[in-house]
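Subject: Structure handover

Hello,

Here is the structure you will be working with. Please look through it first, then read the notes below.

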Amino acid sequence: MLGFIAGILPFLIIISLIVTFHELGHFSVARLFKTRVERFSVGFGKILLRKKDKHGVEWCLSALPLGGYVKFAGDEHITSMMPSLEDLEASRISITEREGAAAVNDYFHFKPLWQRFLIVLAGPVANFVLAIFLLTMIFWIAGESYVPAKVVQVMPNSPAAAAGFMAGDTVLSVDGKAVESNRDVQMLVMLRADTRTHFVVQRAEARLDLYATPERVALDPKGPNANLKAGRLGIEMSGPLVSRPLNPWQALVKGNSQTWKALDTNLTYISRIFTGKENGNQIGGIVGMTKTTGDITVAAAQANAPAWQIVASLLFTYVQFMAYISIGVGFLNLLPIPALDGGHLAFFLWQGVTKKPISAGIQNSAFRIAIAMVLGLMLFAFWNDLNNSGFTKFIGGLFS
């Protein structure tokens, strides 16, 4: 509970910065195409602070900080759903009578399809750009440190032993993905429980192809996360820590690589859920992220170090955490769900192929279904957070 409470304020700051950057992606590309924007809000619900700039944009801070939106002029609501052809024509006539025919081109729904596509796409892209920037700065300042993926021990009766792994092997790739560190191997193996996986290892002067099926085991069998399970190969990897400074270009390459590795991890896990290979119990939500932020804060506060060092370490960790949350937000918004950016992009692609917009009735129905899906996903993530934090076990213990 202490971790959760300690994480509330820093997590709200982190998620607000991420959302603001996401919305600035939409806003900046919209302004690039001279699209009229009515409101830019950080947060939803009741507006607490507002200020209008010289371009007529109302900048707002709203009561619920877990989100935000850009409202384009002429939108009936903040979802920017495509109006029906009748409503669109009525809007055109109204704008023409009020402001003149030339003003029609300033409104989002009258922009060329490719411009609307880029305006919507810019939000998730901004999240990936933010993650790459933050990770690049981390690598530039701190350099790169990792333990090589060299096997020092093979557990008896493990999948690795059955596959023929031997001490001294260096893992080069897992399932076709090149690896460099023990952490790379661990992450890829964790996502492949009960799945036959191809490994390429270096043994002396030879490269060998080995096939193993990681077993599904509890990640933290004696801790609060006892119900979280993932793949384990049964090898121990170790070696001298490799550390090296990175110049700005090398840091940018590494930041970009880490961003796409994290995105690939998300894609792999989601695809395994849809194919029935995972049950989704690792999907977390706001509660879990808040607790993680709090645990980071509490651990830093309890460290036996000078105050400046604690603050620097904490900020460094926050920035890294922020980068990975930003990747998750970008990924989530690209899912083809009508309430999200990915749903709009899917509608635009359909219109580009068929040369006809999807009817407002279908959009409205899809939007309602999408809201139910998003709420269901949020409840599922909330339940996972309660289980994975040990809260449900704690409550159960009170009545047993």
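A residue counts as exposed when its relative accessible area is over 50%, and as buried when that area is under 20%. Glu-86 has a relative accessible area of 59%, so by this cut-off Glu-86 is exposed. Please keep in mind that the model is predicted.

Glu-86 belongs to helix 2, which covers residues 85-99. Along the chain, Glu-86 and Ala-360 are 274 residues apart, yet 9.9 Å separates their C-alpha atoms.

Domains and cores

The domain assignment divides the protein chain into domain 1 (1-123), domain 2 (145-244) and domain 3 (248-399). Between the C-alpha centres of domain 1 and domain 2 the distance is 46 Å.

The largest nonpolar core has 28 residues, and the ones that touch the most other members are Ile-14, Ile-15, Ile-18, Met-322, Ile-325 and Ile-327. At least two residues of this core come from each of helix 1 (2-32), helix 3 (113-142), helix 6 (248-274), helix 7 (286-301) and helix 8 (307-334). Helix 8 contributes the most, with 10 residues. Because domain 1 and domain 3 both give residues to this core, it lies between them.

Leaving aside residues up to four places away in sequence, Ile-325 touches Phe-11, Ile-14, Ile-15, Ile-18 and Met-289. Another core, of 19 residues, lies apart from the one described above; among its members are Ala-149, Val-171, Phe-199 and Ala-212.

Four strands make an open, antiparallel sheet in the order 6-5-7-8. Strand 6 (177-178) and strand 8 (206-212) are the edge strands, each pairing on one side only. Strand 7 (residues 197-203) is joined to strand 8 by seven bridges in the antiparallel sense. In this pairing, Thr-197 faces Ala-212 of strand 8.

An unreviewed UniProt entry places the feature "domain: PDZ" at residues 151-192. That span is 33% helix and 26% strand, and its end C-alpha atoms lie 19 Å apart.

Regards

Definitions and conventions:
Residues numbered from 1 in each chain as written. Predicted model: local features only at pLDDT ≥ 70, side-chain atom pairs only at ≥ 80, totals over all residues. Heavy atoms only, no water. Domains from an automatic or database assignment. Pairing = 2+ DSSP bridges. UniProt positions renumbered as here; feature names shortened; annotations may be inferred. Buried < 20%, exposed > 50% of the residue type's maximum accessible area, 1.4 Å probe, protein only. Core = buried A, V, L, I, M, F, W, Y, C linked by side-chain atoms within 4.5 Å. Contact = heavy atoms within 4.5 Å.
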